[in-house]
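Have the sequence and the 3D view open, and try each task before you read its solution.

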Amino acid sequence: SGFFDAIRQDPVLSRVKLISEPWDLGPGGYQLGNHPPGFAEWNDKFRDGIRSFWRGGEGMRPELARRLMGSSEIFEHNRRKPWASVNFAASHDGFTLRDIVSYTERDNFANGEDNQDGHGDNHSANWGAEGETDDQRIIELRQRVGRALIATVFISHGTPMLLAGDEMWRTQRGNNNAYCQDNEISWIDWNPLLGGEDGFAKSLPLFVARLIRLRKEHASLSSLRYLHGNEEILPGIYDAEWFDEHGQILMPEAWADAKAKVFSLRRASRTDGRTDVTLTIFNASDRDCIFVLPEPVTTWLVDLDSARPSVQRHLLKANTLDVLARSLVLLSVPPDGVS
């Protein structure tokens with residue numbers, strides 16, 4: 001359209017970051033993937049896909065795989081790059097990260113529209129109790145799933161987006177359309193960082209900071225081009241490969257298994273003579289799982305375990321790894337382990 005032509009020819013606007021929310025009401029209002037090169041687009045398919053996967057939805061492995069790799073089926077055209085996909089778990093519209101794992105239904109009665117406003121399908125789960133609870137088992141499970149969601153944002157190809165306050169476990173009390181609330185519902189509560197007693201709200205910023213650091217350290221987590229598993233980076237190691245819990249390549253019939261909720265993704269890149277290899281293991285099931293680490297790599301560093309956030313980077317001394325239910329683990333090959 002003329003609007004986009006004008007932006008792309010403008011001496012100032014053509015050189016700034018252009019970000020679009022590619023949907024609106026009415027016919028033709030949904031235009032995800034249809035903006036021209038130079039634009040990054042909010043990717044609601046990423047949002048819905050990772051939420052559905054981590055709440056244990058069936059048949060979600062292929063969907064998560066597409067989102068992890070930059071949603072190439074949506075954006076890989078007209079020389080667009082993976083950064084065109086703005087990846088997020090939560091935004092200013094909808095549930096906060098905490099509410100995604102605390103509410104199955106919206107609670108918008110405070111908006112005065114009889115709870116009819118806001119989206120009714122949030123791909124969320126309350127894990128046993130609607131809203132706030134004193135049940136420590138539910139609280140710990142919510143925190144575990146919350147860390148897995150936010151970790152998925154930062155280890156996916158594309159542009160990660162973080163909703164302000166999610167790193168401090170902010171809640172809107174189930175309100176997913178808080179545009180009209182200029183009060184405690186929509187405000188960010190800084191007390192947890194200023195001396196409050198919520199230990200998780202204090203620890204989560206450190207977890208997010210760690211994710212940001214790891215993304216910067218590992219080129220394979222933020223590729224500037226789409227990877228399709230066709231390039232051999234090292235002998236026996238391709239740019240993208242998918243494995244089951246037995247360390248075997250996922251075959252087409254395995255992808256069709258709707259009940260399967262565990263798998264791993266190995267990515268490799270070579271940039272400026274430096275090779276980077278990572279392995280991310282996903283377990284969205286309700287059971288712990290022993291993963292066999294795929295060959296030919298024999299030495300791995302455990303960089304992050306979303307179920308055990310206090311565990312620091314360490315060398316793995318086995319070819320198997322216990323991955324707890326509803327969590328992900330990020331591993332990498334030590335710098336001296338590749339050439």
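**Exercise 1.** Is Ile19 buried or exposed?

*Solution.* Two notes come before we start. This is a predicted model, in which local features need pLDDT of at least 70 and side-chain atom pairs count only at pLDDT 80 or more, while totals for chains, interfaces and linings use all residues. Residues are numbered from 1 along each chain as its sequence is written, and side-chain values use heavy atoms, with hydrogens and water left out.

Step 1: learn the scale. Buried means under 20% relative accessible area, exposed means over 50%, and partly exposed is in between (1.4 Å probe, protein chains only).

Step 2: apply the scale. Ile19 has 56% relative accessibility, so Ile19 counts as exposed.

Step 3: Ile19 sits in strand 1. Helices (H or I, at least four residues) and strands (E, at least two) are DSSP runs, numbered from the N terminus.

Step 4: look for neighbours. Leaving out residues up to four places away in sequence, Ile19 touches Phe39, Ala40, Trp42 and Val86; contact means heavy atoms within 4.5 Å.

**Exercise 2.** How many residues does the largest nonpolar core have?

*Solution.* Step 1: recall the term. A nonpolar core is a set of buried Ala, Val, Leu, Ile, Met, Phe, Trp, Tyr and Cys residues joined through side-chain atoms within 4.5 Å.

Step 1: give the count. The largest core has 50 residues, and Phe53, Trp54 and Phe282 are among those with the most contacts inside it.

Step 2: see what builds this core. Elements giving two or more residues to it include helix 2 (44-54), helix 6 (136-154) and strand 8 (262-271). Helix 6 gives the most, with nine residues.

Step 3: follow one member. Among the residues that Phe282 touches, not counting those up to four places away in sequence, are Phe53, Trp54, Leu68 and Phe263.

**Exercise 3.** How many of the eleven residues of helix 2 are buried?

*Solution.* Step 1: count. Ten are buried, and helix 2 is mostly covered. Among the buried ones are Asp44, Arg47, Phe53 and Trp54.

Step 1: inspect the two ends. At the start of helix 2, a side-chain oxygen of Asn43 reaches to within 3.0 Å of the backbone nitrogen of Lys45. Just after the helix, Gly56 takes a positive phi of about 95 degrees.

**Exercise 4.** Which residue forms a salt bridge with Arg80?

*Solution.* Step 1: start from the idea. Side chains of opposite charge can pair when their charged atoms come close. A salt bridge is a side-chain nitrogen of Lys or Arg within 4 Å of a carboxyl oxygen of Asp or Glu, and the structure holds 14 of them.

Step 1: name the partner. Arg80 pairs with Glu41, and their closest N and O atoms are 2.8 Å apart. The pair links distant parts of the chain, 39 residues apart, with Glu41 in strand 2 (residues 39-42). Both Arg80 and Glu41 are buried.

Step 2: Glu217 and Arg313 meet in a salt bridge at 2.7 Å, N to O. Glu217 counts as partly exposed because its relative accessibility is 29%, and Arg313 is partly exposed because its relative accessible area is 39%.

Step 3: Arg308 bridges to Asp305, with the closest N and O atoms 2.6 Å apart. Asp305 has a relative accessible area of 7%, so Asp305 is buried.

Notes
Polar contact = N/O pair within 3.5 Å; in protein donor to acceptor, adjacent residues only side chain to side chain.
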